[in-house]
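Trainee: Could we go through this model together, one part at a time? I would like to begin with helix packing and then move on to other topics.

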Amino acid sequence: MSHFVYTPFDLEDTIAAIATPPGEGGVAIVRLSGKRAREIANTLFSGNVLNYSTHTVHLGWVLDVQGHRIDEALLLVMLGKKSFTGEDTIEFQCHGGFYASKKILEALIEAGARLAKPGEFALRAFLAGKIDLSQAEAIGQLIGAKNEHAFSAASSQLAGNLSIKITSFQQNLTKIGAILEAWVDFPEEGLEFATLETLLEEIYPICGAVKELIATFENGRKISCGISCALIGPPNVGKSSLMNRLLGKERAIVASIPGTTRDFLEEDLMLGGVNFRLIDTAGIRSGSDEVEREGIFRAKQALKEADLVLLVLDASDPPEKEFIENLPCERTLLIWNKIDLAKPPMLSSSFAKVVEISAKEGWGIKTLENAIYDFVWKGSLPTKEEVVITQLRHKEALVEVQTALSEVIRGLEEKISPELVALEMRTCLKSLGKIMGTDVTEGLLNSIFSQFCIGK
Ligand SMILES: Nc1nc2c(ncn2[C@@H]2O[C@H](COP(=O)(O)OP(=O)(O)O)[C@@H](O)[C@H]2O)c(=O)[nH]1
Ligand SMILES: [Mg+2]
């Protein structure tokens, strides 16, 4: 396995950033990390920073380079390996609001620190071996979590639960890989039948576990990215009225004139602790003007891409049969609206579920919400203990692992050349290394850490 150490930024530099969000607040935090952290902090602080021991807190004044007082602040000292970055770190907790922290940061830069890039503290933590790559990514997910499930998945990943699984795959497969490599080196000795059997017996369950982990991505993606939900149907059936009902506010224009919604509207909605992206679309019909045709084109696009289609039909004015044909049944909920006007017709269809509502009167909305929730989770919302992968990058790496492992299995079962089997095993280990960050490219690290906020 090739180990790749990436230094996109200069590790010699001491970096600084404001770690708290801009705006007014009780406290703001300015972070400083690197070889010269103590020395730089010392030039600005009323106390003697060089004498402070690690993990201690000190109250004092922060002064600018001319010696003028900026703010009274708490200074935290975290030295060497015991800090988040694994380097000497000083944090200033000053008064909140924009200026105190900005002026302290400016003073630190003037005293020799460099402005940190997004995610650079986390990158240093990763390069110092304090966290692996999946844990670094978990920090980003934790900060960006929009619901409680996303938060607990991220915190489990940060705690190393995914890392433990991946590491156990790595350890077991490395052992097997070593045997395969020996087989390549001494092919004339062959692989004893017993050894072959044992190897296969060890690989099957790992392959199964990898497969299971890949399968968690379906829920993991929904948890972290939310679920896109498109309201689709003919004009005037009450799509926009339903959108407003679900959102609990008058967001979309409702009118009795068909063809009112011409573009599509998107809004966030929380249902059962999970984020949905609700998309209201133009009613689908033929023979309309140019603007509406574009709206209809977009509606069809949303229909193709949505995780869940909410097909809205008017109970008092059922559509032509063709309208419901060609819809993706397995991810479509059929909603009969306007049941205050008429009883919906019986329709033999294979839609995932049928719900009757009146958007106008507010009937059946709770039932619909439950149906949406049940459809999404199919009763399988992951528990807090379960390891769930939430990042596409991890899924893709695991699919590579699975493909390569299947080839290893096939190779061993059919006793094909040891070179090929060993090669597949190397691919497999390489892909596991991508998740942990032991086998990654410069560009990948850059793209991962640059998505972080500054000061993290
Ligand atoms: N009677 C009744 N009228 C409704 C209901 N839902 C919507 N409408 C009316 O149907 C018309 C079209 O509604 P709208 O939400 O704009 O439909 P859209 O074109 O599908 O977005 C409006 O006049 C609404 O007030 C309902 O449940 N019952
Ligand atoms: Mg509309």
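**Helix pairs, sheets and a ligand shell**

Mentor: The axes of helix α13 (residues 392–413) and helix α14 (residues 418–436) come within 8 Å and cross at roughly 160 degrees, where axes are lines fitted to C-alpha atoms, for helices over the stretch in contact, and angles run from 0 to 180 degrees between N-to-C directions. Helices (H or I, at least four residues) and strands (E, at least two) are DSSP runs numbered from the N terminus. This is a predicted model, in which local features need pLDDT of at least 70 and side-chain atom pairs count only at pLDDT 80 or more, while totals for chains, interfaces and linings use all residues. Residues are numbered from 1 along each chain as its sequence is written, and chains are lettered from A and ligands numbered from 1 in the order in which they are written.

Trainee: So are α13 and α14 roughly parallel or antiparallel?

Mentor: The crossing angle makes α13 roughly antiparallel to α14, given that angles under 35 degrees count as roughly parallel, over 145 as roughly antiparallel, 65 to 115 as roughly perpendicular and the rest as oblique.

Trainee: Which classes of residue make up the contact of α13 with α14?

Mentor: There are twelve nonpolar, four polar and four charged residues in that contact. Ala, Val, Leu, Ile, Met, Phe, Trp, Tyr, Cys and Pro count as nonpolar, Asp, Glu, Lys and Arg as charged, and the others, Gly among them, as polar.

Trainee: Now α3 and α4, how do they pack?

Mentor: Helix α3 (residues 120–127) packs against α4 at an angle of about 160 degrees, the axes being 9 Å apart, and the two are therefore roughly antiparallel to each other. On the α3 side the contact is made by A122, A125 and F126, and on the α4 side by L133, A136 and I139, contact here requiring C-beta atoms, placed from the backbone, within 7 Å. By class, this contact has six nonpolar, no polar and no charged residues.

Trainee: And what about α4 with α5?

Mentor: Helix α4 (residues 133–144) and helix α5 (residues 148–158) have axes 8 Å apart and pack at about 155 degrees, which makes α4 roughly antiparallel to α5. The residues of their contact divide into seven nonpolar, five polar and no charged.

Trainee: Switching to sheets, what is the strand order in the one with β1?

Mentor: Six strands form an open sheet with mixed pairing, in the order β3-β4-β5-β2-β1-β6, and two strands pair if DSSP finds at least two bridges between them. β3 (56–63) and β6 (114–115) are at the edges with a single partner strand each, so one side of each has no neighbour in the sheet. Within the sheet, strand β2 (residues 27–33) runs antiparallel to strand β5 (residues 89–95), joined by seven bridges, and the bridge partner of I29 in β5 is Q93.

Trainee: What is the order in the sheet with β7?

Mentor: There, six strands form an open sheet of mixed pairing, ordered β8-β9-β7-β10-β11-β12. Its twist averages 25 degrees from one strand to the next. Strands β10 (residues 308–314) and β11 (residues 332–337) run parallel and are joined by six bridges, with L310 standing opposite L333 in β11.

Trainee: Last topic, which residues come nearest to ligand 1?

Mentor: Of the 21 residues around ligand 1, G238, K239, S240, S241 and K360 come nearest, a residue being near if its C-beta atom, placed from the backbone, lies within 6 Å. Helix α9 (residues 239–247) gives the most to this shell, with three residues, and by class the shell has six nonpolar, eleven polar and four charged residues.

How values were computed:
Contact = placed C-beta atoms within 7 Å.
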